[in-house]
Amino acid sequence: MLVNVTGVQGGSIMKLDVKKTVQMGFGFLSICAFWQMYNALIPLILTGTFHLKETISGVIMAMDNVLALFLLPMFGAISDKCKSKLGKRRPFILYGTIAAVILMILLPIVDNSYYANPTVGKEALFIGILGALLVAMGTYRSPAVALMADCTIKPLRSRANAIINLMGAIGGIIYLGVAAVLYPASRTKSLEHINYLPVFLIVAGIMLISLCIVMVTVDEIALTKAVENYELLHPEENFVVEDEGGNEVLPDDVKRSLVFLLISVSLWFIAYNGMETWFTTYAVQMWDMAVGAASFCLLVATAGAIVFFVPSGMLASKIGRKKTILLGVFILAASFFGGFVFTLIHPSFSPFLYVLFACVGIGWAFINVNSMPMVVEMCKGSDIGKFTGYYYTFSMAAQIVTPIVAGWLLSHVGYITLFPYATVFAVLAFITMLMVKHGDGNVEVKKGLEAFEDLD
């Protein structure tokens, strides 16, 4: 079982089954490995093989976020109502992964064929397969994340989500390692066309292995039943009430908290993703940095987030998710403001930037690990997929808008606006987050040897 609840002197010790959480996390690992590859290679194929202009390629690359606005909440809600013998979420993970693997392998095959003999039909076929692939991936992202929430009691979801995020980061790192081995500069520099089929096959293999682990090791129905039994014993953790017609609804104060939380999600994604999108360009223009050095700053931020994923979940279990998120947003805003001050007083690169971006990563870990569990904390168990979809809708909407808005400011006002832009939206997220009064979960207070049980 994912949760071990045993009585100790009238109390209880709640322990997260790390092994089972890791097994569930393979679903998210496969998703992140795919998207890391997709975002790295598809633009190269569109511009290199099909010779599409950057603007058209950018529109195609933005389609995954646009489709996600509709697909993620829709399939999250559909999975809530699924009554398969495999459970509510695993059928979507199973069929979505298989469909995605088949479609993604077709992409480099069509790419190679077009290079050998270009035709309009092959170009249209490639775009069509790409669209179908985005739909296939959209069918199971919300169910894959909702699986963790279904199988984890509410007080432990932050720590479980930390492990899920860590698994996702590992998926991205695996792809980067594979790409580095298969396509070093010494091997690709003189090539007119690169055959990407090997790396697509390897990522497809990673996805299928991850799928097998989830399907074989995770007994979704038994784990969900255990969580339902726990919640029956702890009705005080359920926000849902019945209206006059007997329908289950959220109380008005909980709805208000949910709205402010989702607005906060959009605001901090606007801040972080705007910086992430434009920082490399900013660093080249403002500090005369090389692209590689600027990219390393973002790598430091990613490393900082990875290192603090698990500690952020543990911190939330001690002080609460809301306080942990507020701390993260404060660190984020302070780091962005520090970048603005640095630009004013130091017009060139300094190693201090690595410290600054490590803080950005730490702040992002505090936010990212705890925000989704706060959203699903406010719903009943049968709506977890739908609420997971809400979270992704607001985060994806922000990621669609912020590159455009930040880019317009850089182009029409000046590059100096990037750090203030990110700072303002981080501060706004802090303010709206203060208005959130629900979704914190039970804070565990442990003393003495009990505090070490998290290390099991």
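Accessible areas here come from the Shrake-Rupley method with a 1.4 Å probe, and for residues only the protein chains shown count as cover. On that basis the protein exposes about 19,800 Å² of surface, 69% of it from carbon and sulfur atoms. This is a predicted model, where local features need pLDDT of at least 70, side-chain atom pairs count only at pLDDT 80 or more, and totals for chains, interfaces and linings use all residues. Residues are numbered from 1 along each chain as its sequence is written, and side-chain values use heavy atoms, with hydrogens and water left out.

pLDDT is the predictor's confidence in each residue, from 0 to 100. Its mean for the protein is 85, with 89% of residues at 70 or more.

| Stretch | pLDDT | Contacts |
|---|---|---|
| Residues 1–13 | below 50 | 27 contacts |
| Residues 445–456 | below 50 | 13 contacts |

Where pLDDT is low, the predicted coordinates should not be read in detail.

The protein has 14 helices and 4 strands; these are DSSP runs, helices being H or I with at least four residues and strands E with at least two, numbered from the N terminus. Of the 456 residues, 52% are buried, meaning under 20% relative accessible area, while exposed is over 50% (1.4 Å probe, protein chains only).

Now for helix 7. Its buried residues include Val199, Phe200 and Met207. They pack against helix 1 (18–48), helix 3 (90–116), helix 4 (120–150) and helix 5 (157–182). Ile209 and Val216 sit exposed on the face turned away from the buried side.

Methods:
Contact = heavy atoms within 4.5 Å.
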